[in-house]
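Morning, everyone. Have a look at the model first.

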Amino acid sequence: MRNLALMILLALSSPALAEGPEVVALGDSLTAGYGLSPDEGFVPQLQRWLDGHGAKATVVNAGVSGDTTAGALARIDWALTPGAKAMIVTLGGNDLLRGLPPEEARANLDAILTKADAAGLPVLLVPMAAPGNYGPDYKEAFDAIYPDLAKAHGATLAPPFLAPILSQSDRQAAMNTLMQADGIHPNAKGVALVVEALGPEVLALINRVGDGG
């Protein structure tokens, strides 16, 4: 039933007349647009940003709220649509919220990137930064996952998803004005900042499609 619901979501989130290569945005609630109206989430805002910069590409929303890296791995084969030419991977937040072992997240993300490699897809890997409440060893192990795997698979390593918000000089004000009440998900203004930071990275990803990966 969950698979059917996601297939319907993917169909609805893609323009009827796709233009240019399809870029699959694989992720969790940050990608799916949790708590936001249909036009305010990461994917629709990114699509508008790309359109405004003359990019001929269609971003496909393959975000599922609550997904861990294991959940995304379980659906990767059919999340990668036949027309997919590139992939944005934003995963790990729910692994962190559950305190799952970093080695599990590493193995799952490694397997996801291996699938992308087999399909010949260039990947933009967007990290999640571990908080310090699990201890320095956990944080060090988790944060190392993304640069290690990007290097191993030839993926492009982006800045952490929430970096444009968390790096604001007045962090408390940023949390109040750029995040939803849960303190986990950005609001529409926060997503706009994220898109401004990641947009150029996605443009470069699209260019890799044109260059043959």
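Start with helix 5. With 4 residues, helix 5 gives the most to the lining of the largest pocket. Keep in mind that this is a predicted model.

Which other helices supply at least two residues of that lining? They are helix 2 (29–32), helix 9 (163–166) and helix 10 (171–178), alongside helix 5 itself at 93–97.

Now the pocket. Its volume is about 570 Å³. The lining counts 27 residues, and those closest to the pocket centre are Leu97, Met128, Ala129, Leu162 and Ile184. What is the make-up of the lining by class? There are 18 nonpolar residues, 7 polar and 2 charged.

On to the helix pair. Two packed helices are described by the angle between their axes and the distance between the axes. Here the pair is helix 6, residues 102–118, and helix 8, residues 145–153. They pack at an angle of about 25 degrees. Their axes lie 10 Å apart. Angles under 35 degrees count as roughly parallel, so helix 6 is roughly parallel to helix 8. The crossing of helix 6 past helix 8 is right-handed.

Which residues meet? From helix 6, we have Pro102, Ala105, Arg106, Leu109, Asp110, Leu113, Thr114 and Asp117. From helix 8, the partners are Ile145, Tyr146, Asp148, Leu149 and His153. By class, this contact of helix 6 with helix 8 has 7 nonpolar residues, 2 polar and 4 charged.

That covers both topics. Over to you for questions.

Definitions and conventions:
Residues are numbered from 1 along each chain as its sequence is written. This is a predicted model: local features need pLDDT of at least 70, side-chain atom pairs count only at pLDDT 80 or more; totals for chains, interfaces and linings use all residues. Side-chain values use heavy atoms; hydrogens and water are left out. On a 1 Å grid over the protein atoms alone, a cavity is a set of points where a 1.4 Å probe fits but cannot get out, and a pocket is an open set with protein on both sides within 12 Å along at least five of seven lines; lining residues have an atom within 4 Å of a point. Grid points are joined across faces, edges and corners, and a volume is the space filled by probe spheres set on the points. Ala, Val, Leu, Ile, Met, Phe, Trp, Tyr, Cys and Pro count as nonpolar, Asp, Glu, Lys and Arg as charged, and the others, Gly among them, as polar. Axes are lines fitted to C-alpha atoms, for helices over the stretch in contact, and angles run from 0 to 180 degrees between N-to-C directions. Angles under 35 degrees count as roughly parallel, over 145 as roughly antiparallel, 65 to 115 as roughly perpendicular and the rest as oblique. A crossing is left-handed if the near helix is turned anticlockwise from the far one by less than a right angle, and right-handed if clockwise. Contact means heavy atoms within 4.5 Å.
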